[in-house]
Amino acid sequence: QTKTTRGAHIHIPGRMPPVLDPKNSKVDGLAFLGLSLARKSDVGHPDSITHQSAFDLNEVLDREYEFLFSTNDDGWLVGGGEPGPPKSYKLAAKDSAHVEIMRIGTFRKEWGGVPKEEILRVLKSGAILIPQIEVVPTAVVANPDHPPELEIRFDMEPQVPDFGNDEAPLPINWQLRFLHNQLFKLFIFPSRFCPGAFHSTILRKAEFRSDHHRLQYFATCNKAIQRWREMGPQALNVDRNGPDGLPLKKLAATKGTFDDKKAGEEGAAAGDQKGDDNGDEVDEIEQIRRQNTGMDANTVGYINAGNAVNPETQFIPSMEDAASASEGLKVGLNDTPVFGKEHDEKYSSGIWLFTDRENITNLFEPNFLPPYDTPEKRKIIMDVLSEEWDETTLSWKPCGEGSMTKRENVPDGSLSRSGAAVANSSSSTSPLDNVIDGFNTAVQSLCSPTKQT
């Protein structure tokens, strides 16, 4: 970024993304797993598609430029995208609204990424428990860039769940952290990271007409946020559209069978597959599943079927009981295992695999189904949420002690805990500003002509 002070320009190098292994992260890329918030709009690009109808993000956009003066070439990234001339004179582009949960970067291992086939294998195996995604925007903020990006946040609230109270409701937006933690536990590769708090970037290089217009814009956004909060968390992709935005074909539930030889290892994710050719692969996935949830695939299937788990062992009494209770494996979209129930097509709010923000290749529908208020499911959720990834130390810390937990300072333009709108004044200075000011003063003093006396 560039800092401008008293006519001088100083470039401040940006901190590189907090990838897991910078030395072996060779080539940056844009592939990721996350949510699609795309929605076709009459005021956007005609080729935009719809993956959610819960939130009209145009409610937090300033398409008439009443408050904003300028942006980068892309203009509005959400709310249908940019239509292009003559409706707008930004680069014409489809709606690319999304929330990243895990950045993959590239599908090339030698560059620090993960092969696409590996991602598909793991996501289809059921090793990652995918809940029905129901979210609500929590704030619109300006990030620290100069000029800033505008972001819609999807924070988990409260930031630290009430782990000791079994009657306390689950935090809003808990599903994002639940997925993030599982993915980070399972996928270990150099380029892995999550780009900050869960958010959808709606605009880049936002220059406001004045500080007053800036405050007015965020006040307008806060009204929309309040309306959405009153609605509560909403499911996405309720129309069950695929990556291309077209309705998916109706699924035929396919029963699987339990292979006795692999009962304690692959469990429900084995389906009809026989043989030992994938034994090592299955063992690895099942080991990670147990690490993430404390339970094997059969136990998850037993719970999804609405059955209680033995509180002493935390595992189901027998394979026969599992098969009887859950009626075997049901297969959903992309052959994703759905544990314990017929695939209910009303549960289609899952996660997507993106090659980049404009190109989605796969949808992974929920396999860990509602309701989530049973003791067994609550234990799975709380165990996963008990940790958080700290991008500063690149290590796991107890929930509330890592970089994912916001501190008391309130982001620009967001709602404070009291509900009041907050926006930083452009006249405020930081220690870095003071250092730069002092440096510029010294440079200008040295470079300016000597005053004649």
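**View 1. Helix 2 and helix 7 where they pack together.** The axes of helix 2 (residues 174-186) and helix 7 (residues 375-385) come within 9 Å of each other and cross at roughly 65 degrees, where an axis is a line fitted to C-alpha atoms over the stretch in contact and angles run from 0 to 180 degrees between N-to-C directions. The two helices therefore count as roughly perpendicular (65 to 115 degrees; under 35 is roughly parallel, over 145 roughly antiparallel, and the rest oblique). Helices here are DSSP runs of H or I with at least four residues, strands are runs of E with at least two, and both are numbered from the N terminus. This is a predicted model, in which local features need pLDDT of at least 70 and side-chain atom pairs count only at pLDDT 80 or more, while totals for chains, interfaces and linings use all residues. Residues are numbered from 1 along each chain as its sequence is written, and side-chain values use heavy atoms, with hydrogens and water left out.

**View 2. The residues between helix 2 and helix 7.** The axes of the two helices cross at roughly 65 degrees, and the contact (heavy atoms within 4.5 Å) is made by Trp174, Arg177, Phe178, Asn181 and Gln182 on helix 2 and by Ile380, Ile381, Val384 and Leu385 on helix 7.

View 3. The structure holds 12 aromatic pairs, meaning rings of Phe, Tyr and Trp (its six-membered ring) with centres within 6.5 Å, called stacked if the planes are under 30 degrees apart, edge-to-face if over 60 and tilted otherwise. The rings of Trp174 and Phe178 have centres 5.4 Å apart and planes at 75 degrees, so this pair is edge-to-face. Both residues lie in helix 2, four residues apart, which is about one turn of the helix. Trp174 counts as buried at 5% relative accessibility, and Phe178 likewise at 0% (buried is under 20% relative accessible area, exposed is over 50%, and partly exposed is in between, with a 1.4 Å probe and protein chains only).

**View 4. A tilted pair, Phe368 and Tyr372.** Trp174, shown in the previous view, is buried at 5%; Phe368 and Tyr372 form another aromatic pair, a tilted one, with 5.5 Å from centre to centre and 45 degrees between the planes. Phe368 is buried with a relative accessible area of 0%, and Tyr372 counts as buried at 12%.

**View 5. An aromatic cluster and the whole protein.** Phe67, Phe208, Tyr217 and Phe218 form one aromatic cluster. The secondary structure comes to eight helices and 19 strands, and buried residues make up 50% of the 453 residues.
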